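Hi,

Here is the structure I promised to pass on to you.

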Amino acid sequence: MSASAAKVSKKELNSNHDGGDETSEKEQQEAIEHIDEVQNEIDRLNEQASEEILKVEQKYNKLRQPFFQKRSELIAKIPNFWVTTFVNHPQVSALLGEEDEEALHYLTRVEVTEFEDIKSGYRIDFYFDENMYFENKVLSKEIHLNESGDPTSKSTEIKWKPGKDLTSRSSQTQSKAGKKRQHEEPESFFTWFTDHADSGADELGEVIKDDIWPNPLQYYLVPDMEDEEGEGEDEEEDEEGLDDIDEEGEDDGEEEEDDDGEDDEGEDD
């Protein structure tokens with residue numbers, strides 16, 4: 001059956017029923033109108049729920065701030081905490097070249113700040129010690145959402161020291177690699193601060209805000225956790241080995257007993 005033949009109008013459907021066609025059509029129309037009214041109520045409640053959820057998020061965002069501050073103070077006592085965290089994160093580490101890692105060794109603090117109304121965007125601040133790469137003490141990037149939800153971004157201009165611009169070096173490396181061995185090195189991590197072409201696809205910003213910032217410790221401790229798991233597996237293997245030895249010992253003991261019994265019987269004869 002063709003698609004056009006399968007399509008039947010309301011009138012054609014109603015005409016297939018005997019009697020009460022006009023009444024049936026009127027009831028259907030009234031039902032549609034009532035469904036629309038009920039749907040409007042559902043939409044109204046959804047909007048109200050969104051407003052209430054936003055208020056709760058704003059409330060708890062303020063309550064979390066003192067704890068974020070305390071956490072930052074404690075993290076400052078651990079050398080190379082943030083570079084280790086980024087290197088251990090699978091998505092971020094894919095963006096890091098060797099020199100990016102070297103530069104991030106000077107990173108002392110990271111802060112993510114959602115704007116007061118939360119829905120209009122956020123800012124990420126990176127605090128650095130004096131280093132050989134750039135003059136800035138703080139590098140920041142902001143993501144703004146307008147009323148229609150379209151994102152825009154702006155960031156700190158990096159003041160590179162002579163010959164230390166990792167973003168231009170990254171593009172040169174990619175060009176040479178493409179010519180020589182068709183292999184592209186990852187773009188510099190720091191190109192993120194200059195890339196405003198597609199703020200809606202800012203994966204790095206979203207990863208830092210939604211994945212790393214809520215609990216950076218879980219990524220800092222990744223190697224230690226893997227080592228503990230490995231030690232647990234080794235212990236299990238050792239225990240299994242000991243069990244095997246014990247079982248072999250028991251088997252040998254049983255065989256010796258059997259041999260002794262056979263010797264005794266021979267002497268009696």
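**What I found**

Let's start with helix α4 (residues 81–88), which is mostly covered, with 6 of its 8 residues buried. Buried means under 20% relative accessible area, while exposed means over 50% and partly exposed is in between (1.4 Å probe, protein chains only). The buried ones in α4 are F81, W82, V83, T85, F86 and N88.

Some background before you go on. This is a predicted model, where local features need pLDDT of at least 70 and side-chain atom pairs count only at pLDDT 80 or more, while totals for chains, interfaces and linings use all residues. Residues are numbered from 1 along each chain as its sequence is written, and side-chain values use heavy atoms, with hydrogens and water left out.

Now the overall picture. The protein chain has 10 helices and 4 strands; helices (H or I, at least four residues) and strands (E, at least two) are DSSP runs, numbered from the N terminus. Of the 269 residues in the chain, 25% are buried.

Strands β3 (residues 138–145) and β4 (residues 151–155) pair in the antiparallel sense over 5 bridges; for two strands to pair, DSSP has to find at least two bridges between them. K141 sits opposite S155 in β4. There are 5 residues between the two strands, and in this hairpin G149 takes a positive phi near 90°.

You'll find K209 in helix α8 (residues 203–212). Is K209 buried or exposed? K209 counts as buried, because its relative accessibility is 15%. The side chains of K209 and D210 are joined by a polar contact of 2.8 Å. A polar contact is a pair of N or O atoms within 3.5 Å; within protein, one must be able to donate a hydrogen and the other to accept it, and residues adjacent in sequence count only if both atoms are side-chain atoms. If you leave aside neighbours within four places in sequence, K209 is in contact (heavy atoms within 4.5 Å) with V112, E114, Y122 and P214.

Last stop: V56, which is in helix α3 (residues 21–75). V56 is partly exposed, at a relative accessible area of 45%.

Happy exploring!
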